[in-house]
Amino acid sequence: MHILDVTEIDHRINPIPIMAGSSILTNHSLEWVQEKGWCSPVTVDTLTALGYKHLTAVQLLALPQLLTKANTYIHARTGSGKTLAFLIPALERLKAMGFKNKHGVGALIISPTRELAVQIATVLKPLAEAFGFSSITITGGTKAKSICTKKGCMFVIGTPGRLAETLLDEDIPCLKVCNLKILILDEADRLLDDGSHTQQLRRIISALPKEQVQKVLVSATLNSKCQELSKEIFMADFSFITAEQHGAFTTSQIKQKYLSVPARERMSMLITVLQTLQKKKVIVFFNSCHSVKFHYKVLQEFKLPIFYCMGQEKQARRSSMYSKFLEMKRGTLLTTGLAERGWDIPCVHWIIQYDPPHKPEDYIHRVGRTSRGEGRTGQALLFLRPEECKFLDVLRGMHVKIDEIEFSGDLNDIQDKVHSLIADNVEIQQMGKLAYKKFVRAYQCHKLKKIFNIQELDLEEPPCYPWRDEGTLCHLVPLTAVPTTGFVLVLPCSAVDSLSATRSPAGSTSWCAPAARKSSTYPLNSPRGGEGLE
Ligand SMILES: Nc1ncnc2c1ncn2[C@@H]1O[C@H](COP(=O)(O)OP(=O)(O)OP(=O)(O)O)[C@@H](O)[C@H]1O
């Protein structure tokens, strides 16, 4: 396989293209690209009207490469302009071959989430209109009738499940794919890593022509597993282009930090951090929807400017929360893996990973939601329990530069407030129990089991939520290992009976207020000279 990287642009294109420092842009103007014959005046005029002047490195690499019709993997760090890198050549190729709306679908773009599909459609819209090309988006909830417009469907963008259903539906004849020329998988590793997506992808591919379709797979993290699987699914060879000379996955403009916080202090620490960042635009990642809801409920009580958006909720609410956050100047969004990939939300100042990412690649995509485009900066904060700090070695192995941050301050007041809030509110208790079950389940299924090992969690402290119950932790550890002091505990009778120190007088399911706990004070300065929160 031929691997073309950014150093090779220097041979192909003079002068050396990359702008100084951490810029994602090249020195090459749109006019220069047009003179090379790589794009038409209509592309240049439209992009210029939108405020673009130069191509980014990945765009400069992808354009001549994709015009050759070769099957290609496109790799470049998060926020470096991969969307236009695959859209511009697709438009140019269809134009060059005289593809018309009447020929049916010319380019099919698949994305793992609805939000990302809509985002790609938004980037495509002005360009497609300028070319006179039609485009439609097919995601969960799209009605078959609305698909067949008079304008046609030259570009189709969608999510795997709904696309598979629609393309295989013979009652929707306007979606003619027999002339398809280009198939693009955005966030390809996510699409190929997920069993249900892969199944839908296979169904889609079965409906496409076997010959003539150029396949383009795009991601900031194209691992070898994804490359092997794609070769098997498509039965094709690929070229690999990367805009990263030193294997970087994220821009150096993201200041990445971590906090080592014992389990019992995590919630108070999160509240403290969010109180400090009230005037910033922040995304906080959790590992389950139940965890998002539980933390939302608790954080609301601290009058923080928060809201949530996650996968398992009605599309209308999800879309409205997404649009709201898009427009906001400040505020905190609590979310799950839904927002991990591709979201191009302007001016996000901070990314907080409260629950560890499921895979190292997810870390890269999560922090990549800040510092996007040219000249933008941002910060990322990873919460780790002390026993999880081995994860830092994995990140550093992926060229992630991450420093420790420490706080000064006493968390006791907030901790007391959280405990009494939970003790007084049955609804929050129930939400917390569910969240805790999901947390344990997610932890058990973690891809990096040697690091995120449920058996190695500090069982003297509650792992994440201030209680455990028989259905979750007690089957994982001998009951004797369950601590009897230092946390709020809700246990069913059987478990409570064996924990005399926490037994309620009635002997029924009990709620025990926190007993004496260690107080913790965080020194002001980071040992490695890191900064505090800004
Ligand atoms: N040539 C360009 N000049 C200036 N800004 C650009 C250019 N191309 C793209 N951008 C901006 O860069 C930002 C990130 O682009 P895009 O969403 O395509 O990134 P990406 O590489 O797909 O990121 P991710 O891997 O996170 O999905 C967008 O806000 C976009 O407007």
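**Figure 1. Domain layout of the predicted model.** The chain is assigned domain 1 (57-242) and domain 2 (254-473 + 513-523); these bounds come from an automatic or database domain assignment. Between the C-alpha centres of domain 1 and domain 2 the distance is 33 Å. Across the boundary, 15 residues of domain 1 are in contact with 20 residues of domain 2, contact meaning heavy atoms within 4.5 Å. This is a predicted model, in which local features need pLDDT of at least 70 and side-chain atom pairs count only at pLDDT 80 or more, while totals for chains, interfaces and linings use all residues. Residues are numbered from 1 along each chain as its sequence is written, and side-chain values use heavy atoms, with hydrogens and water left out.

Figure 2. A polar contact here is a pair of N or O atoms within 3.5 Å. The side chain of Tyr52 places an N or O atom 3.1 Å from an oxygen atom of the ligand. His54 uses its backbone: an N or O atom there lies 2.8 Å from a nitrogen atom of the ligand. In the side chain of Gln59, an N or O atom is 2.8 Å from a nitrogen atom of the ligand. The ligand taken alone exposes 650 Å², and the protein buries 87% of that (Shrake-Rupley method, 1.4 Å probe).

**Figure 3. The shell around the ligand.** There are 20 residues around the ligand, and Lys82, Thr83, Asp344, Arg369 and Arg372 come nearest. A residue is near a molecule if one of its heavy atoms lies within 4 Å of it. The shell has 10 polar, 6 charged and 4 nonpolar residues. In this scheme Asp, Glu, Lys and Arg are charged; Ala, Val, Leu, Ile, Met, Phe, Trp, Tyr, Cys and Pro are nonpolar; the others, Gly among them, are polar. Domain 1 and domain 2 each supply at least three residues to the shell.

**Figure 4. Helix 4, an enclosed segment.** Helix 4 (residues 57-67) is largely enclosed by the rest of the structure, because 10 of its 11 residues are buried. Buried means under 20% relative accessible area (1.4 Å probe, protein chains only). Helices are DSSP runs (H or I, at least four residues), numbered from the N terminus. The buried residues include Ala57, Val58, Leu60 and Leu61. Gln59 is also buried. Lys69 follows helix 4 and has a positive phi, near 75°.

**Figure 5. Thr198 and its contacts.** Thr198 sits in helix 10 (residues 195-207). Thr198 counts as buried because its relative accessibility is 9%. Beyond its neighbours within four places in sequence, Thr198 is in contact with Leu191, Leu192, Asp193, Leu229 and Ile233.

Methods
A polar contact is a pair of N or O atoms within 3.5 Å; within protein, one must be able to donate a hydrogen and the other to accept it, and residues adjacent in sequence count only if both atoms are side-chain atoms. Helices (H or I, at least four residues) and strands (E, at least two) are DSSP runs, numbered from the N terminus. Buried means under 20% relative accessible area, exposed over 50%, partly exposed in between (1.4 Å probe, protein chains only).
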